[in-house]
Amino acid sequence: MVVFLLLLCLPFILYLATPKIRKMLSNGVCTSNVQLPGKVAIVTGANTGIGKETAKDLAQRGKCTCSQLAPADVLPLTVMTTLIVSSQIWNSLKPFENRANSFPFIWLTGARVYLACRDVQKGERVASEIQATTGNNQVLVRKLDLADTKSIRAFAKEFLAEEQHLHILINNAGVMMCPYSKTADGFEMHIGVNHLGHFLLTHLLLEKLKESAPSRIVNVSSLAHHLGRIHFHNLQGEKFYSAGLAYCHSKLANILFTRQLARRLKGESGREQSGRQAPVGSSEKPQDGSCFPGSITCTGATS
Ligand SMILES: NC(=O)c1ccc[n+]([C@@H]2O[C@H](COP(=O)([O-])OP(=O)(O)OC[C@H]3O[C@@H](n4cnc5c(N)ncnc54)[C@H](OP(=O)(O)O)[C@@H]3O)[C@@H](O)[C@H]2O)c1
């Protein structure tokens, strides 16, 4: 009788427990309030999905406490803030409503965010949307096709020529369970885009990241990596191919790359590195008041 009652209640219990189970698996949401004025970030595949939301978040993190300012910055910033406040009041009080209670904070724009997209037109539409919602016009679009090493090299060359710093590289773009196809260089599409493309991009930008320390590389993987196996005898899926497994293998490659990179970066500038996996949406509080813990940190994110 008791078993029967329990079975009867099971759907209801599961219904009640679903939010808790989901929260447990996703490990909560990001509560970090780290601000990023003056930082430079690249997000690959930022024209949609997780990449777009990440880019928006980086762009809007522009609050800066007075204690973070150098004395030389105070006067120009005060003048600038006065001008902005006056123009906001002049135009409309509404856009400034949420910010008015921020004293003693000064609002600046968030990070300069590069949306690295293969479809530039789509990217431009998203950049305008992010600019409009965050008020940060430093959201820029650059062409990057991770399925073509020529495009990756061209992107890196252009970026290195135009930017002095790179503080955040978020390797987010990904293909999932696509029919068998190859990249311009002959790699199977999942391993080529999700892993090898980001591997090359990171390699080309690594020196800039080191020079800009404290900096961070985030490789977005997936829980699907648990099902992945690296088949060195069939890396390009030529002997057999399963779209689902190819995705899992590429996500495992993301994790292995993250760990090895973190190991290799250990000791850079004498600061601690981390190669751990953090679920997407987890918060990470800096221990030393800087924007990022460690000097150059490589983190794998799973969602
Ligand atoms: N969504 C999930 O539930 C989930 C779960 C676990 C892990 N992830 C991981 O999270 C990341 C983002 O996922 P998502 O759900 O946001 O995916 P999504 O909405 O499909 O977005 C993927 C992004 O990658 C871009 N992309 C694909 N191929 C590219 C290429 N060759 N060169 C440059 N960019 C390319 C896409 O550009 P186009 O718009 O031009 O196609 C798009 O911007 C992926 O790495 C994925 O494996 C997602």
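Around the ligand there are 22 residues, and those that come nearest are Asn47, Ile50, Arg118, Asn172 and Tyr247; a residue counts as near when one of its heavy atoms lies within 4 Å of the molecule. This is a predicted model, in which local features need pLDDT of at least 70 and side-chain atom pairs count only at pLDDT 80 or more, while totals for chains, interfaces and linings use all residues. Residues are numbered from 1 along each chain as its sequence is written, and side-chain values use heavy atoms, with hydrogens and water left out.

| Residue | Protein atom | Ligand atom | Distance |
|---|---|---|---|
| Asn47 | side-chain N or O | oxygen | 2.5 Å |
| Tyr247 | polar side-chain atom | oxygen | 2.6 Å |
| Gly174 | backbone N or O | oxygen | 3.2 Å |

On its own, the ligand has 900 Å² of accessible area, and the protein covers 77% of this. Such areas come from the Shrake-Rupley method with a 1.4 Å probe, and for residues only the protein chains shown count as cover. Which elements give two or more residues to the shell around the ligand? They are helix 2 (49-60) and helix 7 (243-265). Helices (H or I, at least four residues) and strands (E, at least two) are DSSP runs, numbered from the N terminus. Sorted by class, the shell holds 9 nonpolar, 9 polar and 4 charged residues. In this sorting, Ala, Val, Leu, Ile, Met, Phe, Trp, Tyr, Cys and Pro are nonpolar, Asp, Glu, Lys and Arg are charged, and the others, Gly among them, are polar.

Let us turn to His190. This residue sits in helix 6 (residues 189-211). Is His190 buried or exposed? His190 counts as buried because its relative accessibility is 0%, where buried means under 20% relative accessible area, exposed over 50%, and partly exposed in between (1.4 Å probe, protein chains only). Its side chain makes a polar contact with the side chain of Glu188 at 2.9 Å. A polar contact is a pair of N or O atoms within 3.5 Å; within protein, one must be able to donate a hydrogen and the other to accept it, and residues adjacent in sequence count only if both atoms are side-chain atoms. A polar atom of the His190 side chain also lies 2.8 Å from the backbone nitrogen of Met177. Beyond neighbours within four places in sequence, His190 is in contact (heavy atoms within 4.5 Å) with residues including Val175, Cys178, His195, Tyr241 and Tyr247.

Met177 belongs to the loop between strand 6 (168-171) and helix 6. Its phi is near 55°, a positive value in a residue other than glycine. Pro214 lies in the loop between helix 6 and strand 7 (215-220), and the peptide bond from Ala213 to Pro214 is cis, with omega near 5°. Most residues other than glycine have a negative phi, and most peptide bonds are trans.

In helix 7 we also find Leu256, which is partly exposed because its relative accessible area is 41%.

Of its 303 residues, 41% are buried. Among contacts between residues at least 6 apart in sequence, 76% join residues at least 24 apart.
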